Amino acid sequence: MDQPTFVYDGDCAFCTTCADFIGRRIPTGARVVPWQFADLDALGLTVAECEEAVWWIGTDGVRAAGPDAIARLLGASRPVWRVLGAALRLPPVRAVAWPGYRWVARNRHRLPGGTAACSLPQATRERLYGTAGDG
């Protein structure tokens, strides 16, 4: 892999809004890609893992999920963002970040940009809405 990859849920409007923000505001050499269009086997990820959290897969083989993935993404950006990424890795901040991340993940359909589909498991979304690329 020639560049790190940040993987998010492309079927979730809230997640996609966050990924769009990353693309506009957080310059990074990472590829930011919805898991539905990523080669999960090549990244060493499963659908279940991707339904649970965002992921960072580094060129050095480092894998990180949730707020740890976000910290790595920020750490691969400009100095201001790197400081925030380093802060997110501090044990007391990290201890709060994980429960906060899990709360957001469970409630993303209620957040700005979220939709009811955000709360559904992938198998249910596919049954109701089809798979990515279905026309």
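**Disulfides.** I searched the whole structure, a predicted model, for disulfides and found 0. I then checked Cys-15. Its closest cysteine sulfur is that of Cys-12, 3.2 Å away. I counted a disulfide only for sulfur atoms within 2.5 Å, so this pair is too far for a bond. Is Cys-15 buried or exposed? I noted 14% relative accessibility for Cys-15, so I put it down as buried. Cys-50 is buried too, at 4%.

**Helix H1.** I turned to the helix that holds Cys-15. H1 runs over residues 13-25. I counted 13 residues in H1 and a span of 18 Å from first C-alpha to last. That is close to the 18 Å expected at 1.5 Å a residue. Which residues of H1 are buried? I listed Phe-14, Cys-15, Ala-19 and Ile-22. Looking down the axis of H1, I saw its buried residues fall within an arc of 140°, so they line one face of the helix. On the other side of H1, I found Gly-23, Arg-24 and Arg-25 exposed. I also looked up what covers the buried residues of H1. The cover includes E1, strand E2 (31-34), H4 and H6.

**Nonpolar core.** I went on to the largest nonpolar core, which has 30 residues. Which members touch the most other members? I wrote down Phe-6, Val-7, Leu-45, Cys-50, Trp-55 and Trp-56. H1 gives the most, with 4 residues. As background, nonpolar side chains tend to be buried together in soluble globular proteins.

Leaving out residues up to four places away in sequence, Leu-45 touches Val-7, Leu-40, Cys-50, Trp-55, Ile-57 and Arg-63.

**Aromatic pairs.** How many aromatic pairs does a search of the whole structure find? I got 2. The rings of Phe-21 and Trp-81 have centres 6.4 Å apart and planes at 80°, so I logged the pair as edge-to-face. This pair links distant parts of the chain. Phe-21 is in H1 and Trp-81 is in helix H5 (residues 79-89), 60 residues apart. I checked accessibility for both partners. Phe-21 is partly exposed at 35%, and Trp-81 is partly exposed at 22%.

Trp-98 and Tyr-101 form an aromatic pair that is also edge-to-face, with 6.0 Å centre to centre and 70° between the planes. How many residues apart are Trp-98 and Tyr-101 in helix H6? They are 3 apart in H6 (residues 91-107), so about one helical turn separates them. My reminder: an α-helix has 3.6 residues a turn, so residues three or four places apart point the same way. Trp-98 is buried at 18%. Tyr-101 is buried at 15%.

**Gln-3.** I ended with Gln-3, in the segment before E1. Its relative accessibility is 28%, so I marked Gln-3 as partly exposed. What does Gln-3 touch, not counting residues up to four places away in sequence? I found Gly-29, Ala-30, Arg-31 and Thr-59. Gln-3 and Gly-29 are 26 residues apart along the chain, and I noted 6.8 Å between their C-alpha atoms.

Notes. Residues are numbered from 1 along each chain as its sequence is written. Side-chain values use heavy atoms; hydrogens and water are left out. Rings of Phe, Tyr and Trp (its six-membered ring) pair if their centres lie within 6.5 Å; planes under 30 degrees apart count as stacked, over 60 as edge-to-face and the rest as tilted. Helices (H or I, at least four residues) and strands (E, at least two) are DSSP runs, numbered from the N terminus. Buried means under 20% relative accessible area, exposed over 50%, partly exposed in between (1.4 Å probe, protein chains only). A nonpolar core is a set of buried Ala, Val, Leu, Ile, Met, Phe, Trp, Tyr and Cys residues joined through side-chain atoms within 4.5 Å. Contact means heavy atoms within 4.5 Å. The expected span of a helix is 1.5 Å times one less than its number of residues. The arc is that of the directions from the helix axis to the C-beta atoms.
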